[in-house]
Amino acid sequence: MYPVLIVEDERAIADLIEMTLEDFGYVCVKAFDGEQAADFIEKEKFDLILLDVMLPGVDGFSLMEYIRPTETPVIFLTAKSSVEDRVRGLRAGAYDYIVKPFAPDELLARVDGLMRHTGRRSRTIRLWDVEINPDTRTVSKKGVPVSLTPREFDLLMALVLNRGIVLYRDVLFERVWGLDSEANTRTLDIHISRLRKKLGWEHQLRSVPKIGYLLEAER
Amino acid sequence: MKFAYKLTLAILSLLCAALSFGGTWTIQQNFSQMQRDMIQQSSQQQLRDRYTLETKFGEAEDSSTKTMDSLAELYAEEEQVVMADSASPFSLFGENGTVLYSNMPHTIPYSDQQAAISAGETKARYIAVGEQYYLLLATPLRGLDRPIWLVNAYDVSKQFQERDRQIRQHLILQGTALVLTGAAALCISRILTRSLKKLESASDALSEGKTGVRVEISSGDELERLGKTFNQMADAIETQFQMLQEETNRQKRFVAAFTHELKTPMTAILGYSNMLRSGEQPAERRRKAADYIYRESTRLETLCQELLLLLGLEKGECQLKPTSIAAIYGDIRRSLPENFLRIELLCEEKISVQGNRALLVTWIRNLILNAAAAEPKDRMVTVTCTRQSDGIRLCVEDHGKGIPEEELSKITEPFYRVEKSRTRENGGNGLGLSICSMIAQIHHSSFQIESSLGIGTKVWITLKEAKS
Amino acid sequence: MKRKKRLRQITLLFLSILCLFSMALPWVFASWHDARLLETDIPRPVSVELPSEQAQEIPVLYALYRKRYLSGMEMDAPYTPADAAEQAAILSAKAEDLQNAGVLLEECLQKIEEIFLRPSSAAYSQEQDGLLGGTYLAYPGTTHKQLESVAVQWHRKTGLVTSCSVTVQLMDKDADIFLNAYRTYLGLDVLTDWETAETGGASAACWSKSGQIYLYYTFQEDRLSFGAISLSTEEFASSFSKFF
């Protein structure tokens, strides 16, 4: 497992990405301009490069020349959303193209997806004795498949992606059931209790009073 | 209808009218002349008849009808021999309308002959019998014992026939003339108005949006001038169009740059706030997130303010009042904090300029900030005010990094930055120089920049002096 | 668009009809003119200069005028050979009338009689348009080589002499007196506008515009001639002198 290289001249965004990925267990390295990035690429090996196209000095596309020999997958970050730019980016060899502004969750999902598909991470997420396969949307505990409803699976993924953080109830509900849902937040509680039971995570998956729910991070 | 047709039609109508009236008049004139000649000739001929008859009757034994009749007949016969067909038949009338002699055709009624007598020797009468026309002249015989009137009939049918023939001929002539003239006029009109076709097709092409459409007409008349005017118009339209295109492009670029400037802080603010609302974050993170949210928000705020200023400047004229440079300098000193750069404010004498105090302050201030960003080694920026031949020059100079030559033309574009990351760190949005350029425009001055890499940058505008 | 097209069609039609009508104009006008012609009396201008009404009442003057109109001023009828004695008698009678009227001198009359007594070489008579003429030619006396002649023309109806020419030598006579006598003889005194014509030598002439008549009385070296000629104003102005 190698780190993820973040090449972004806006510090705020670089830090944001780092925070998002770190929670998920990715080690990040930040570069603030093209030269710095080139240095890093020369010296170290990375599993993924997140590259801002509009960089001062050397621009993202030219940096691709450096990256290509290393065969490291690249995701472009940019404010330009036109089709030509997208095509140009993909032609240049990028694996994917994310347009700003982006929700960090989406970035994380894409990164994770890429990692698993290129084999740089295992296809499954392992937490304690539970194995989760996001592609097939299957869960197994100690090798035994556990049947979860789609909602339960989504809830599980939300908790897993934010593990170690106490999630606020309404935000969690919003994430899983969507903004327009007319269902009661009570269902959230019911789903949580079902998950705990099915996975046997009575300790790991806790309710924090007056705040929300917490899935502990595996140390 | 095509213009050529209209022209032809007009010509033909006029020709038709002219020929008709002309023909009528001419034919009528001819006829009248023939008539007059005929009357004159006939009168003279009649006088011959009359005088001869007068002579003969004067020498006759008596004036009995019988004698008269035989003498007249003799005379008639003589005349027939002498003059053959041109002998005119005549009648002799006595008192009370008695017929002494007549060799007139039966078709000529006596009533008409009587009428001729009534008309007198100073008048003539025309009569028509069937297809024939006769001229009747009556004259009294003089110097005889009894009153005798001589009435002659002259066959003028030929004249009428001649006239009718002329009318027919004229009709044919007129018809032919109209046809031939019509054809010729059509051809000529078409040729002359060929230029119109050129203009027409050029206009069509132009309205369809084709560029480079021009006409070439060298007929040396109004059409040529029209062609030239058309070309001028086409030039003007294309220029306008180009200008509009450029304007639209400029606006597109502006919007694109603006959106870009907006998206970056938005991404940060959205991202961090989303993080904070999801769940309990560690304290360090919370601090960082709040910090970033604040910073990016202020950045947005500055962006808004600068943009509003820029748009406001673009829109309107500004009142220029006499302002003293000293006052401006005072404002500058107060607005900038005691910071890393030494600011020298120089002025030759007490000068006042026509300008807007606040805008000029902003102008100098923005440039000072830019100079600071250029990191001059001597840590100094100089503002000078000098009197030149064309006005008062206000100049800001530094010995910093300088601006590359190829970038000089672009730097006053909104959101354009020479080195992106550094300007952003200092909170710059890339609008500073656009605003300065606008301020220069409002003061009716051009915005001049001189810069060399590694040596320094000099920016100045020329203001009008206000005599106080 | 349609309305405009309609308008154009109507205009075209209208113009065509107008054209056709105008082409018919000569014929229409002629018809109208003819109708008027046949109704009214046409004034007939007088083309010939006529003697005045008063003058036309004078038979001999009128006859001379008529003759001028019909056959010209000169008597150019063919000379018909006539019996000399007859002619002599007629001419003699005429001469006597003239002498009685004071137109001929006594001497003249005698001379005429003399000529008639000589043997004639020829005698002619003429006739034209109411005028008669007679000519008597006699062989000359021993001294002269020229034939002597007496030629007279007269109006048949009235018998008045309109022209006379006699071979005679008469000197220093006042032609004016005889001219006036001749005028009276012809009965032309009623005309008031006699002009005296300029002549040379022993001759007198006068002309009346109202009568269009010219009278002359001339004593030449070997001849006496006088007469009346119908003469228009124009002819008078240009060539009256050719009769001398």
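Student: What makes up the open sheet of 9 strands in chain C, and in what order do the strands stand?

Tutor: The order is E2-E3-E4-E5-E6-E10-E9-E8-E7, all within chain C, and the pairing is antiparallel. Keep in mind that this is a predicted model, where local features need pLDDT of at least 70, side-chain atom pairs count only at pLDDT 80 or more, and totals for chains, interfaces and linings use all residues. Residues are numbered from 1 along each chain as its sequence is written, while chains are lettered from A and ligands numbered from 1 in the order in which they are written.

Student: How do you know what counts as a strand or a helix?

Tutor: They're DSSP runs, numbered from the N terminus: helices are H or I with at least four residues, strands are E with at least two.

Student: Why do strands E2 and E7 of chain C count as edges?

Tutor: Strand E2 (80-81) and strand E7 (194-196) of chain C each have a single partner strand, so one side of each is left without a neighbour in the sheet.

Student: How do you know that E3 and E4 of chain C pair?

Tutor: Two strands pair if DSSP finds at least two bridges between them. Strand E3 (residues 120-128) and strand E4 (residues 131-138) of chain C are joined by 8 bridges and run antiparallel, so they pass that test. For a spot to look at, Gln126(C) stands opposite Gly133(C) in E4(C).

Student: Which strands does helix H5 of chain C touch as it packs on that sheet?

Tutor: Helix H5 (residues 84-100) of chain C touches E3, E4, strand E5 (148-155) and strand E6 (161-167) of chain C. Here residues are in contact if their C-beta atoms, placed from the backbone, lie within 7 Å. Helix H7 (residues 175-186) of chain C packs on the sheet too, touching strand E8 (203-208), strand E9 (213-219) and strand E10 (223-230).

Student: What makes up the open sheet of 6 strands?

Tutor: Its order is E2(B)-E1(B)-E5(B)-E4(B)-E3(B)-E1(C), with antiparallel pairing. At the edges stand strand E2 (99-102) of chain B and strand E1 (42-43) of chain C, each with a single partner strand, so one side of each has no neighbour in the sheet. Helix H1 (residues 3-58) of chain B packs on this sheet, and its direction makes about 40° with that of E4(B).

Student: How many bridges join E3(B) to E1(C)?

Tutor: There are 2, and the strands run antiparallel. Ala124(B) stands opposite Ile42(C) there.

Student: How many residues of chain B are in contact with chain C?

Tutor: 38 residues of chain B are in contact with 29 residues of chain C. H1(B) gives the most to chain B's side, with 20 residues. That side divides into 16 nonpolar, 15 polar and 7 charged residues. Ala, Val, Leu, Ile, Met, Phe, Trp, Tyr, Cys and Pro count as nonpolar, Asp, Glu, Lys and Arg as charged, and the others, Gly among them, as polar.

Student: What about chains A and B, how many residues are in contact?

Tutor: 24 residues of chain A are in contact with 24 residues of chain B. On chain A's side there are 17 nonpolar, 2 polar and 5 charged residues. Strands take part as well: 2 bridges join E10(A) to strand E6 (residues 279-280) of chain B, running antiparallel. In E6(B), Gly279(B) is the bridge partner of Leu167(A).

Student: Why are H6(A) and H8(A) described by the word they get for their angle?

Tutor: Helix H6 (residues 150-161) and helix H8 (residues 186-199) of chain A pack at about 80°, with their axes 10 Å apart. Axes are lines fitted to C-alpha atoms, for helices over the stretch in contact, and angles run from 0 to 180 degrees between N-to-C directions. Under 35 degrees is roughly parallel, over 145 roughly antiparallel, 65 to 115 roughly perpendicular and the rest oblique. H6(A) and H8(A) are therefore roughly perpendicular to each other.

Student: How does the reach of H7(B) compare with what is expected?

Tutor: The expected span of a helix is 1.5 Å times one less than its number of residues. Helix H7 (residues 283-315) of chain B has 33 residues and reaches 48 Å from first C-alpha to last, close to the expected 48 Å.

Student: Which residues in H7(B) are buried?

Tutor: Among them are Ala289(B), Tyr292(B) and Leu303(B). A residue is buried if 20 or more other C-beta atoms, placed from the backbone, lie within 10 Å of its own, exposed if 12 or fewer, and partly exposed in between. The buried residues of H7(B) pack against helix H1 (11-23) of chain A together with helix H6 (222-278) and helix H12 (432-442) of chain B.

Note on methods:
Two residues are in contact if their C-beta atoms, placed from the backbone, lie within 7 Å.
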